[in-house]
Structures are given as C-alpha cells and as structure tokens.
Amino acid sequence: MSPGSSPAADPGPSPSADGLAAGIARLRRALRRGARVADPDNTLAVAQLELLTALAEHPGARPGELARLLNMRPNTVATIVNALTAQGMLRRITAAGDRRAVELTVSEAGQQAVLAWQATNAAVLNLALSALPAHQRRTLAAAVPALQALASEVDRLADAQAATHE
C-alpha cells in the first residue's frame, strides 16, 4: 500500500488482463478438446453449438440479433442457421408484423444437442476438478462469482461499444 492510502481505497491485487485472457482461452480450448474426446459422436461444430445455446437463451431472436450477440458476421450466422435448419435443430418463423423478417427457435432436437453439450462439458469439468487438490477447488469455487461479474462487465462494454457503432 502506498503512503497516505487507506485500506478501503486499495482495490487489492488485480490479475494481469493478458494472463487472465490467456488462461480463459486455454481453458476454452481444453474444454472443447475434452468434450470432443468425451463425446466423439457429436458432429456439431462449436460455432453451431454456441449459436444454439444463445438461441435457447434468447428464443425468437432474429439472425441479425444473433450476429450481434455472438459477434459473428451476418453471413456466417446465415450459413450456420441454414445448416442447423437442414439438420432439424432450429426452426424459422415469419415474424409477426413483418413478413420479410424471420425469428428463430430451437427445436426439440436442438435443445437436446444443447443439453448434451452442456452435460458433456460439466462431466469433463467435474472429472478434472476432482483431480485437483482441495485448496485449488476452493479457490476456483470462490472465483465463480467474480468470473460471472467479469463476463457481465465484458458484455456491458461490448453492448455499449456496439451501440456507438450503430
């Protein structure tokens, strides 16, 4: 603590943004790899699963909304939507009030794919967590609220920045 500063003013140690980003990216890659090994029959791409998950959280979203939400190009979303529609994972519904617009919903098959992906990831994480020492499991458990708050803040910043570009 520097001279003249009070303990209440000291925000405490701050993780390196680069180190945190690298750790999160490494964890995402490891989870993807672990889930693929645990469920080799899953033929959906991660981008397809992420779109299905986002749509399950935002039923009735339009393709443009999903593109903004997932920070994907509209043509990428269109390609994924077309593939998932062909596989019966989602449905297109003409928007009420605008016959040119389409709203998307996850089908039962799509919902099952999302649930299976989430269950596989949870199983991989639970197995990995069980191999860690108790003090590391406690540290990770204590970090969950902070990670959720960090994700919310990143979303808020992205939404604010997107709004300035519109």
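Predicted model: local features only at pLDDT ≥ 70, side-chain atom pairs only at ≥ 80, totals over all residues.
Asp 98 is partly exposed, at a relative accessible area of 23%. Buried would need under 20%.

I then checked its partner. The side chain of Asp 98 meets that of Arg 100 in a salt bridge, with 3.3 Å from N to O. Arg 100 counts as exposed, with 78% relative accessibility.

I searched the whole structure for salt bridges and found four. I noted two others besides the pair above.

Next I took Glu 103 and Arg 62. They form a salt bridge whose closest N and O atoms are 4.0 Å apart. Glu 103 sits in strand β2 (residues 98-106) and Arg 62 in the loop between α2 and α3, so this pair ties together parts 41 residues apart in sequence. I read Glu 103 as partly exposed, at 26%. Arg 62 is also partly exposed, at 31%.

I turned to helix α6 (residues 134-165), where Arg 156 and Glu 153 are three residues apart, about one helical turn. These two form a salt bridge, and the closest N and O atoms are 2.6 Å apart. Arg 156 has 45% relative accessibility and counts as partly exposed. Glu 153 is partly exposed too, at 33%.

Last, I looked at Ala 56, which is in helix α2 (residues 46-57). Its relative accessible area is 32%, so Ala 56 is partly exposed. Which residues does Ala 56 contact, leaving aside neighbours within four places in sequence? I found Val 106 and Gln 111. I also took the C-alpha separation of Ala 56 and Ala 151: 19 Å, for residues 95 apart along the chain.

Note on methods: Residues numbered from 1 in each chain as written. Heavy atoms only, no water. Helix = DSSP H or I, 4+ residues; strand = E, 2+ residues; numbered from the N terminus. Buried < 20%, exposed > 50% of the residue type's maximum accessible area, 1.4 Å probe, protein only. Contact = heavy atoms within 4.5 Å.
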